[in-house]
Amino acid sequence: MSRDASRSLYDRALSVLPGGVNSSVRAAPQPYPTFVERGEGGHVVDADGNRYVDWVNGLGPLLLGHDTPEPIEAAVQSHAAEGPMYGMPSEIEVEHAEFVCRHVPSVEMIRFVNSGTEATVSACRLARAVTGRDKIVVMQGGYHGAQESTLVEGDADHPRPSSPGIPASFSKHTLPVPFNDEAAAHEIFEAHGDDIAAVLVEPIQANMGIVAPEDGYHETLRDLTDDHGALLIFDEVITGFRVGGLRCAQGEFGIDPDITTFGKIIGGGFPVGAIGGKTEYIEEFTPSGEVFQAGTFSGHPVTMAAGLETLRFCAEEDVYDHVDDLGRQLRAGLAEIVADQAPGYTVVGRDSMFKLVFTRAETPPQSDPCEAGCRQDPACDRYGDCPTEGTDVTGAETDRYARLFRPGLLEEGVLVSQNQFESNFVSYGHTEEDVERTLEAYKRAL
Ligand SMILES: *Cc1c(COP(=O)(O)O)cnc(C)c1O
């Protein structure tokens with residue numbers, strides 16, 4: 001397999017783009033990234049003409065895969081031809097908002113923005129404004145975009161910026177706690193309850209492995225925030241319209257957050273984010289309220305058309321059955337392969353997300369109830385060996401993944417997440433044949 005074109009593009013890129021890329025994780029693949037020329041269904045073709053089964057899938061937004069079905073293609077073309085944007089309102093924004101409000105249980109009103117990062121920035125500002133408090137509780141190993149309030153590491157007693165350029169005085173308002181740890185959640189509210197504006201949490205931690213919530217964990221967060229007058233913010237940028245279908249993860253788990261952040265899928269492959277929730281909160285954004293929020297490109301007609309038509313397509317076709325079924329086949333197939341070849345590894349995921357975490361478990365391989373993806377069941381033999389919070393994945397064999405396994409899969413024509421932490425995503429464009437090819441490739445590359 002020749003990869004000369006990718007190599008030479010990366011060489012050029014290194015001179016004009018920092019690290020050769022426009023988003024950090026894209027430079028993770030060893031020894032250099034694959035430059036994509038085009039996508040087709042569940043595949044991409046690289047700059048050298050090599051074809052791969054693609055489970056990166058745009059990092060989550062492409063629920064339908066790389067081929068946009070006809071109604072979406074048509075809506076995108078016509079909105080691109082008609083403007084393409086105005087800086088004034090247009091009907092498609094209203095229609096998209098109505099769709100989301102109709103389907104997501106907790107969302108009564110929504111403000112569209114241009115990225116998941118923008119969404120969580122505005123959600124934190126809103127929560128701080130409506131509560132008159134400064135502190136935001138986040139989960140260790142969670143990800144909420146490249147923003148000041150959440151690029152924080154350490155623990156609640158010693159939070160510190162996870163990037164240079166963020167004042168330490170800023171980070172002290174963010175309290176990182178371990179995911180799935182109810183005692184830690186109680187403790188943080190005992191210590192800081194009157195100062196906490198919100199808990200910001202991914203319903204499933206999906207940016208560092210894929211870690212499921214233990215039964216009752218989100219209920220605890222909901223009770224604690226209610227009891228202390230804080231808001232519960234679900235960051236559904238990844239899970240929104242992927243886990244739990246059109247009701248999103250909150251519908252699947254039966255949790256009623258105050259505010260939900262969206263991104264990825266709701267833009268149908270174009271840049272997007274959104275902050276949805278109860279009217280009493282969302283209406284606090286300017287101009288109905290006082291909390292400043294604005295964006296030149298927000299509610300961009302082409303993005304709105306792509307996102308809305310994508311969601312309508314999902315409502316009308318068997319999209320979720322298809323992607324969830326392939327996800328199940330992948331997790332089950334992987335569980336079988338690792339039981340045989342790498343019993344210390346852990347299959348994680350749910351619905352159309354899957355991943356193999358290179359854990360160093362010394363217990364027997366996954367079996368009921370977790371063989372189709374770890375469910376964080378305390379009754380399971382492997383409980384404790386499987387990651388219970390995103391940060392646990394840093395203890396996995398990340399070098400083996402990056403240096404041996406991923407390049408091995410690439411040779412087999414299969415692209416998986418660019419580092420050990422990100423999720424893999426199934427799309428409507430993937431087929432059972434893609435699944436079979438992928439499982440065979442895992443067998444050889446492991
Ligand atoms: C991707 C992601 C973000 C950031 O979204 P961008 O569009 O990359 O800014 C925020 N939160 C979660 C949970 C994400 O997965």
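**Strand pairing and helix packing in the predicted model**

P89 lies in the loop that connects helix α2 with helix α3 (91-103), where helices (H or I, at least four residues) and strands (E, at least two) are DSSP runs numbered from the N terminus. The model is a predicted one, in which local features need pLDDT of at least 70 and side-chain atom pairs count only at pLDDT 80 or more, whereas totals for chains, interfaces and linings use all residues. Residues are numbered from 1 along each chain as its sequence is written, and side-chain values use heavy atoms, with hydrogens and water left out. With a relative accessible area of 77%, P89 is exposed; here exposed stands for over 50% relative accessible area, buried for under 20% and partly exposed for values in between, with a 1.4 Å probe and protein chains only. Although 209 residues separate P89 from S298 in sequence, their C-alpha atoms are 9.8 Å apart in space.

On the α2 side the contact (heavy atoms within 4.5 Å) is made by P71, I72, A75, V76, H79 and A80, and on the α10 side by P301, V302, A305, A306, E309, T310 and F313. By class, the residues of this contact divide into ten nonpolar, two polar and one charged, with Ala, Val, Leu, Ile, Met, Phe, Trp, Tyr, Cys and Pro taken as nonpolar, Asp, Glu, Lys and Arg as charged, and the others, Gly among them, as polar.

An open sheet of three strands has the order β13-β14-β16, with antiparallel pairing, two strands being counted as paired if DSSP finds at least two bridges between them. The edges of this sheet are formed by β13 and β16, each of which pairs on one side only. Between strand β13 (residues 346-350) and β14 there are five bridges; T346 has V357 as its bridge partner in β14, and V347 stands opposite L356. The two strands form a hairpin with two residues between them, and in the turn D351 has a positive phi of about 50°. On its other pairing, β14 is joined by two bridges to the antiparallel strand β16 (residues 424-425), in which N424 stands opposite F354.

Burial in this sheet can be followed strand by strand. Because five of the five residues of β13 are buried, this strand is largely enclosed by the rest of the structure; T346, V348 and R350 cover one side, and V347 and G349 the other. Strand β14 (residues 353-357) is likewise mostly covered, with five of its five residues buried: M353, K355 and V357 point one way, while F354 and L356 point the other way.

A further open sheet, of four strands with mixed pairing, has the order β1-β2-β3-β15. Strands β1 (36-40) and β15 (414-415) stand at its edges with a single partner strand each, so one side of each is left without a neighbour in the sheet. Within this sheet, three bridges join strand β2 (residues 43-46) to the antiparallel strand β3 (residues 51-54), and V44 stands opposite Y52 of β3. Helix α13 (residues 432-445) packs on the sheet, where α13 touches β2, β3 and β15, and its direction makes about 95° with that of β3.

Elsewhere, helix α7 (residues 217-227) has as its buried residues Y217, H218, T220, L221, R222, L224 and T225. Just after α7, a positive phi of about 65° is found at G229.

Technical notes
Axes fitted to C-alpha atoms, helices over the stretch in contact; angles between N-to-C directions.
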